[in-house]
Amino acid sequence: MLSGIKWQASSLAIASLVLLPLIALLVISSQANMQLWQHLSSTVLPEYVRNSLLLMLGVSAITLTLGVGSAWLVTQYRFPGIRFFDWALLLPLAMPAYISAYSYTGLLDVAGPIQTWLRDAFGWSVGDYWFPPIRSLSGAVLVMGCVLYPYVYLLARSAFISQSQHFRDVAALMGYSRRQAFMRITLPIARPAVIAGLSLALMETLADYGTVAYFGVNTFTTGIFRTWFGMDSVSNAAQLALVLLGFVVVLLIIERRSRQQAQYYDKRKSSTPSPKQLTGVKGLIAVGLVSLPIALGFVIPVWQLLIWAVQSHAQLWQSEFWRLVLNTVSLASVTAVLAVMLGLLVAYAVRTTQAPITRFAKQVVSLGYAVPGTIIAVATLVPLAKLDNLVDAWFRANLDISTGLILSGTLAALIIAYLVRFMAVALGSLDAGLQSIAPTMDQAAQSMGSSPWQVLRRVHIPMLKGSLLTALLLVFVDVMKELPATLIMRPFNFNTLAVRAYEYASDERLADASLASLAIICAGLIPVILLTRAIHRHTR
Amino acid sequence: MKKFVLIALTGLLVSCSSPTPEVNLYSARKEALIKPLLDAFTKETGIKVNIISASADALLERIKSEGINSPADVLLTTDAGRLHRAKQASLFAPIDSEVLNNNIPANYRDGDNTWFGLSLRARPIMVTAKAPDIALTSYEDLTTPELAGQICIRSSGNIYNQSLVASMLAHASAAEVETWAKGLVANLAREPQGGDRDQIRAAAAGQCSVVVANTYYLANMLADIATDDDRAAGEAISVIWPNQQNRGTHVNVSGAGLIKSAPNSDNAIKLIEYLSGDEAQHLYANVNFEYPVKPGVPVHPILAKWGEFKADALPLEKLGENNAEAVKLMDRAGWK
């Protein structure tokens with residue numbers, strides 16, 4: 001159906017959605033003031049870079065440990081409550097990192113209940129005792145690691161499940177223990193999926209502003225906003241954002257180089273792995289281990305939110321509440337479907353054509369996620385408004401009517417900005433799924449006279465169902481939580497749950513924010529549950 | 001085909017121009033804090049207010065990129081610095097209004113009538129009973145060695161701290177202010193973190209005894225809607241009005257300006273005039289515990305308890321002019 005040229009053209013068209021804002025960033029940054037660079041590098045830049053690197057390192061350690069560890073436990077063993085833990089491990093996905101940060105601060109800060117209790121119980125005053133400061137770099141690592149590990153868990157889990165038992169049979173023949181088999185066979189084969197999950201977690205870490213700003217941890221991203229808001233230099237801020245992007249590009253290249261040689265496929269029919277039953281103390285330990293991430297990333301912050309909600313005697317905004325839910329859920333659904341469709345097209349174009357253009361398109365699309373939302377929003381707004389104004393000028397000149405702003409200021413513009421950021425999420429998950437399907441499958445189907453389109457529909461989509469649903473889920477939940485682009489690009493009188501939660505939280509009215517936050521989490525729970533069920537059906 | 005598109009577009013345009021009078025507001029002020037005033041305005045005038053709220057700088061970029069077709073009529077910000085920025089970017093059109101000139105004292109509005117302060121926010125010093133027994137009467141006193149390890153203040157990334165330092169730059173040399181900032185950093189009880197309320201909470205818990213914060217945060221903690229813990233923290237704090245013997249306590253305004261390309265400029269002027277009037281000024285005082293700009297409008301009883309104070313009479317555009325220099329200075333002083 002689609003020839004090579006058409007694949008290339010369509011993937012380039014999709015990439016241009018991301019490329020246009022990037023070009024806009026370049027244009028904006030061309031007016032940057034070089035003296036400001038000197039000031040930054042001689043004062044604060046080294047600290048920004050150091051903190052960002054440490055943050056990434058810490059978040060990697062936590063997301064890998066929690067994500068891979070829990071995925072390994074739930075796929076390789078059977079223990080009490082496993083069916084619950086299997087999806088409950090995804091719950092932190094519904095928790096925006098900055099909300100978790102507010103909750104932990106409320107709980108652990110010097111004025112919070114725990115330290116107050118310690119002071120009352122032991123007659124201490126502040127300074128007499130040591131307590132880990134939550135608003136610190138390590139606090140940020142903990143909070144972000146505990147809400148971001150599900151990216152790694154989700155992708156690692158489906159990679160572990162889709163691995164054939166044959167690999168493990170070979171491991172058994174070679175006399176490997178389960179743990180050895182994991183380290184030497186399962187993990188290396190699952191590596192593309194684990195890395196895809198980790199890159200998503202790290203890109204979100206780099207783009208985060210809310211958590212680090214609240215904790216007073218100065219990172220590269222807080223530096224971007226300090227330069228923009230504080231020094232009134234949007235062009236220098238754009239330049240810093242481009243530097244951040246450059247850094248991400250380097251990371252992506254290193255990652256790709258490092259696994260170029262390693263390609264693993266299992267051509268035989270995959271069979272369900274046989275998990276080992278854990279009983280007694282071992283079973284309890286397993287339960288404890290998988291409970292830990294759920295408690296840290298979900299139960300504890302939600303508990304704190306519930307306490308606030310009760311204390312505040314706040315009422316649910318009866319009339320507005322359902323409107324907010326409707327707005328949020330419909331935006332998230334539309335964007336999720338679009339992002340997955342476009343992501344699949346790009347991932348598949350690379351697979352069918354292997355042309356440099358399609359590879360380039362794929363790399364461009366995977367960049368959007370690393371740019372802070374406000375920056376992406378402004379950079380998307382600029383070309384869209386330019387287009388609108390050109391159209392308007394043409395109509396005014398030739399037909400004497402004004403078309404006004406057709407795209408900017410509408411939900412269409414907002415959805416485009418979401419796509420710029422979140423297509424990367426869909427692509428990451430789809431790409432990991434596609435890579436585990438051997439190219440010989442395509443060749444076999446093609447040799448039987450199927451067009452690439454038919455191969456996609458008849459061979460890949462059925463085999464990819466797990467990855468497709470994973471991608472849908474991730475984008476959906478990301479849009480639910482999305483704040484900065486929504487704030488700046490939404491039409492008049494349009495609110496989402498995240499906007500409401502943020503408005504109260506940023507005004508330090510945490511009790512009022514708690515209700516909206518709980519609503520995001522509840523509304524986020526439904527797709528998490530539905531989609532994980534569906535994912536299970538298709539991956540088991 | 002082309003004809004069809006044209007007809008469709010014209011239809012769209014016609015359907016867009018609604019008969020009800022309206023005004024489009026880009027607001028850096030949180031919707032919850034401004035909504036009661038807007039509702040009161042709609043009730044009185046029948047003009048519907050459409051609102052988008054986001055950060056002031058992002059809204060400025062949005063207006064700039066939307067260009068002559070921008071639907072924005074009024075930009076509302078929470079500090080004078082951003083109003084100045086919008087003026088510098090030539091986004092505002094001047095308003096020649098008797099009402100505004102009568103309601104708003106000259107130092108709280110722009111000399112060229114492009115923007116108008118609508119509510120006052122003071123940033124005094126606050127102390128607990130544990131504060132060292134020294135004469136603490138000015139911002140300058142915050143650097144005395146007796147206060148070592150006693151001060152809590154939020155990050156220098158916050159606009160209110162930037163405005164405070166910008167105001168000091170208008171009264172003293174850059175070198176003097178930088179020495180002051182270094183002295184302040186040396187006296188901090190902890191790395192700057194959290195918001196203004198968090199500083200008050202930390203002081204009440206005993207981590208520090210001297211705080212610099214905006215008054216409405218403290219008032220909100222003392223109000224009926226506050227949680228019990230917050231009220232207890234707020235009650236442990238007393239307010240010191242700094243620099244009463246010289247320039248006065250640092251104040252900032254929240255304010256508004258009319259966008260040059262405003263499609264509903266008449267309604268926009270009505271809105272800004274309304275916000276400067278008695279009813280709205282009274283609401284500003286009651287919804288978020290700010291000081292009214294209009295002389296003679298009573299302040300909220302919680303604020304009245306802290307007594308009257310002399311405010312710094314500095315023309316507020318100075319805050320905008322000095323902001324970038326203030327940020328660089330704080331970078332050099334190591335104020336995180």
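## Strand pairing around β10 of chain B

Two strands are taken to pair if DSSP finds at least two bridges between them, and in this predicted model strand β4 of chain B, residues 92-93, pairs with β10(B) in the antiparallel sense over 2 bridges. Within that pairing, F92(B) stands opposite I259(B) of β10(B).

Strand β3 of chain B, which covers residues 74-77, is likewise antiparallel to β10(B), with 4 bridges between them, and here V74(B) stands opposite L258(B). Strand β5 of chain B, residues 115-122, is joined to β10(B) by 7 bridges and also runs antiparallel to that strand; S119(B) stands opposite S254(B) in this pairing. How many of the residues of β10(B) are buried? Strand β10 of chain B spans residues 251-259, and because 9 of its 9 residues are buried, β10(B) is largely enclosed by the rest of the structure.

## An open, mixed sheet in chain B

Chain B also holds an open sheet of 4 strands, arranged in the order β7-β8-β6-β9, in which the pairing is mixed. Its edge strands are β7(B), residues 151-152, and β9(B), residues 238-240, each of which pairs on one side only.

The pairing of β9(B) with strand β6 of chain B, residues 125-127, is antiparallel and extends over 3 bridges. In this pairing, I125(B) has I240(B) of β9(B) as its bridge partner.

## A bent helix in chain A

Helix α9 of chain A, residues 178-207, contains 30 residues, yet the C-alpha atoms at its ends are only 38 Å apart, whereas a straight helix would reach 44 Å at 1.5 Å a residue. Where does α9(A) bend? A bend of about 60 degrees is found at R191(A), and a proline, P192(A), follows within four residues.

## The contact between chains A and B

The contact between the two chains takes 47 residues from chain A and 46 residues from chain B. On the side of chain A that touches chain B, at least two residues each are supplied by α10(A), residues 210-215, α11(A), residues 220-231, α16(A), residues 373-399, and α20(A), residues 484-489. Of the elements on this side, α16(A) gives the most, with 8 residues.

By residue class, the side of chain A that touches chain B divides into 21 nonpolar, 17 polar and 9 charged residues.

Definitions and conventions: Residues numbered from 1 in each chain as written. Chains lettered and ligands numbered in written order. Predicted model: local features only at pLDDT ≥ 70, side-chain atom pairs only at ≥ 80, totals over all residues. Buried ≥ 20, exposed ≤ 12 C-beta atoms within 10 Å, placed from the backbone. Expected span 1.5 Å × (residues − 1). Bend = angle between axes of the 7 residues up to and from the residue. Contact = placed C-beta atoms within 7 Å. Nonpolar A, V, L, I, M, F, W, Y, C, P; charged D, E, K, R; others polar.
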